[in-house]
Amino acid sequence: MILEQFDSNKTAFINPWNMIEPVKDMPKVAVACYAYTTFDRMIQRLHAEQIATTSTANGIKPIYKANYKGVELGLFMLDVGAPMSAALMEDVYQMGVDTMIIFGTCGVLDGAIEDCSIIIPNSAVRDEGTSYHYMKSSDEIEVNENYIEMFKEMLEEYQIHYTEGKVWTTDSIYRETQDKITARKNQGCICVDMECSANAAVAKFREKNLFQFFYAADNLDSEEWDVRSLSNDDKLEEKDKSAYIALEFSKRLAE
């Protein structure tokens, strides 16, 4: 099978170092998210300074730096979907970042998980194609193993409720059929996203650090799709809290 044809050679025909130069004074820890409104609110409040760019066929991707409580952090936005998320991670790692904290939305497969609440993935089902270019074929990949206890301790310190469990990472939002949802729930998944398993594989392959968490959005554990706060512009203050959590955790890792 083609997904079992993993090549462990870290030098490809086109490499990040062929495209991207290291950035002087790039912070070693960076925060990234997928929601442009939440990201814009974060960089504006921090008075972030643009220090670099990368690009895709869809346009320029600015890379920022900001001082958060005395610690310099990188800030950037990722494109939705495993392939572009992985490519942008590669670019920013090549610029000089060693540790990324990524946060973004996910759909819930357990309706008891409250809208906008924090979800910590500890494993991801690899129902996407990108991760198979970064590690051998398997149904699942362990995620967040290096930092999960530290992150939970921080949330408990701030009395922030969270749910921990397995995420289903899929490539196709329009192919989340009822049978597939039921199968993934039976497999132990509590939520669904489009990048987590690929992001984890990239970090492991490049021997870099990554922590990713979600804030809950649409509900797939219902008779009909419940969109809840999936829109970029819904419940912005609640989503700002997720940005604050990411910044606080990044600060602890950077110190």
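Analyst: **Strands, then helices**

Look in strand E9 for the bridge partner of valine 167, and you land on cysteine 191. Before we go on: this is a predicted model, where local features need pLDDT of at least 70 and side-chain atom pairs count only at pLDDT 80 or more, while totals for chains, interfaces and linings use all residues. Residues are numbered from 1 along each chain as its sequence is written, and side-chain values use heavy atoms, leaving out hydrogens and water.

Back to that bridge. How does the chain get from E8 to E9? It crosses through helix H5, residues 178-186, in a right-handed β-α-β crossover (clockwise from first strand over helix to second, with the strands pointing away from the viewer).

Helix H2, residues 36-45, packs on H7 at an angle of about 60°, with the axes 10 Å apart (axes are lines fitted to C-alpha atoms, for helices over the stretch in contact, and angles between N-to-C directions run from 0 to 180 degrees). That angle is why H2 counts as oblique to H7 (under 35 degrees is roughly parallel, over 145 roughly antiparallel, 65 to 115 roughly perpendicular, the rest oblique). On the H2 side, Thr37, Thr38, Arg41, Met42 and Arg45 make the contact, and they meet Leu236, Glu237, Lys239, Asp240, Ala243 and Leu247 of H7 (contact means heavy atoms within 4.5 Å). Sorted by type, the residues of this H2 and H7 contact come to 4 nonpolar, 2 polar and 5 charged (Asp, Glu, Lys and Arg are charged; Ala, Val, Leu, Ile, Met, Phe, Trp, Tyr, Cys and Pro nonpolar; the others, Gly among them, polar).

Helix H4, residues 148-157, also packs with H7, at about 125° and with axes 11 Å apart. So H4 is oblique to H7. Met150, Phe151, Met154, Leu155 and Glu157 of H4 touch Ile245, Glu248, Phe249, Arg252 and Leu253 of H7. In this contact of H4 with H7 you get 7 nonpolar residues, no polar ones and 3 charged.

The last pair is helix H3, residues 82-95, with helix H6, residues 196-206: about 30° between them, axes 9 Å apart. That makes H3 roughly parallel to H6. From H3 come Ala82, Ser85, Ala86, Met89, Glu90 and Tyr93; from H6, Ala198, Asn199, Val202, Ala203 and Arg206. Here the H3 and H6 contact holds 7 nonpolar, 2 polar and 2 charged residues.

Conventions. Helix = DSSP H or I, 4+ residues; strand = E, 2+ residues; numbered from the N terminus. Pairing = 2+ DSSP bridges.
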